[in-house]
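Welcome! Please take a moment with the sequence and the 3D view, and then we can walk through them together.

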Amino acid sequence: MEKKQKSIHDILPHDLIHTIFLRVPAKHLVRLKCVSKLWYSLISDPHFAELHFQYSPAATKAFIFTINYTQAYWALFIDDNDASRIKKVYPPFKNKNLVCDFKVLGSCRGYVLLHGNLNFLVVWNPLTGSNKRLSYSHIGSRRKHKGVSLPKKFHLYGFGYDVSRDDYLVVIAWQDKDDHYHFDCFSLRTNSWINLDAALPKSSGLMEWQPHGLLLNGAIHWLPSSLKSYRDAILIFDLKERTFSMISAPEQPAMSECYYSSLALLGGCLALYYLNKYYLNNDSYCYNTHIWVMKEYKVHSSWTLYQIPCGNFQPLCLSSNGDIIGTASIFSRKVGCFIYNVRGDLLEHIKKLPCQFPFRETSTVYTESLLPLPTDIKDKDNRPSESERCQTRKENLERLTEQPRHLILL
């Protein structure tokens, strides 16, 4: 008798396959779903996706951006110290002309928030294609300054995740025709807008802040439009408690010498960076980039300074050994990817990008994930199982056979 060929499932236990998959990058798992029904079921399981996102050591980060209003987005993939992979990624729009009207506003757990001119936002996972369209037409009809281009039509905006409710949230602050400020939150779990006007801080004017919010530790952070004082310089909105608070920036001898300040996320730590102007002995001056990293969240004494010998360095993320990966333009308009060695003060050029790179725009770095949206899980839970579908087909057939023959023929 011929020996029956064993499958991989006969050789490897299911638990071992599960453990191996947790160490495989998400981009490869998407392709492995096609191998078998068992693998498809395992990789598509929301609980596996959550474990993979939390514990996988092979997470891939990517910087997503647009170029000259092209009909696609570009993603610069950063695998540890290598930033050589760059490719086009296409959003899930049937009308490709809409792509050029969208801007990237933020990212959270593998999802990217896009904003368009037609009173709607899109939450999109570039790896899996999962997406959700969010309409804010109820705000658009009441909003002041309708002619203002995106994303400045919102005084504040942010995209985050509330772990206590397992919910993705989009928050926006806006001003109505009567000059009243409003703060609204969209819950992807309930698929509805929530009014949070009562949470708005009374003493801080919303016009004084940069609109783009940075997600960290379950809260969204905003920086002032002009960084003139270090005290209470960073505005925070806690997504779980639905409350605002403030923390101070690092103390500076001359805040007026800071230009183009912005926030970034480096190695899971809050970072503040800006163009710094310093004077030489002959009264001339030069520029470099100051990056302050808060090593311990909300501990003011933990702010640590890194001085990058480049005036237009934009940090993106950290490598596995703690070096800072970012973009910069040196001696030319062409922008490349650089790595700053924090131990030796070296600025090493690691990749020259094959396309024009957006300069001094808010950077959006996302981590690839297989995570579904809450609405995707609900839809999956509401679907009948295979046995239920078979039973339904059987019952339908029985009902049909009980009907008069002319109905069957029709």
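How many bridges join strand E10 (residues 181-187) to E11? The two strands are joined by 4 bridges and run antiparallel. Strands (E, at least two residues) and helices (H or I, at least four) are DSSP runs, numbered from the N terminus, and two strands pair if DSSP finds at least two bridges between them. Across this pair, Phe186 stands opposite Trp193 in E11. The hairpin of E10 and E11 has 4 residues between the strands, and there Asn191 takes a positive phi near 55°.

Before going on, a word on the model: it is predicted, with local features needing pLDDT of at least 70 and side-chain atom pairs counting only at pLDDT 80 or more, while totals for chains, interfaces and linings use all residues. Residues are numbered from 1 along each chain as its sequence is written, and side-chain values use heavy atoms, leaving out hydrogens and water.

Now follow the hairpin into its sheet. Here 4 strands form an open, antiparallel sheet in the order E8-E9-E10-E11. At the edges lie strand E8 (156-162) and strand E11 (192-195), each pairing on one side only. E8 is joined to strand E9 (residues 167-175) by 7 bridges, again antiparallel, and Tyr157 stands opposite Ile172 in E9.

Finally, step back to the whole protein chain. It has 9 helices and 24 strands. Of its 410 residues, 46% count as buried, that is, under 20% relative accessible area with a 1.4 Å probe, protein chains only.

Terms used: Buried < 20%, exposed > 50% of the residue type's maximum accessible area, 1.4 Å probe, protein only.
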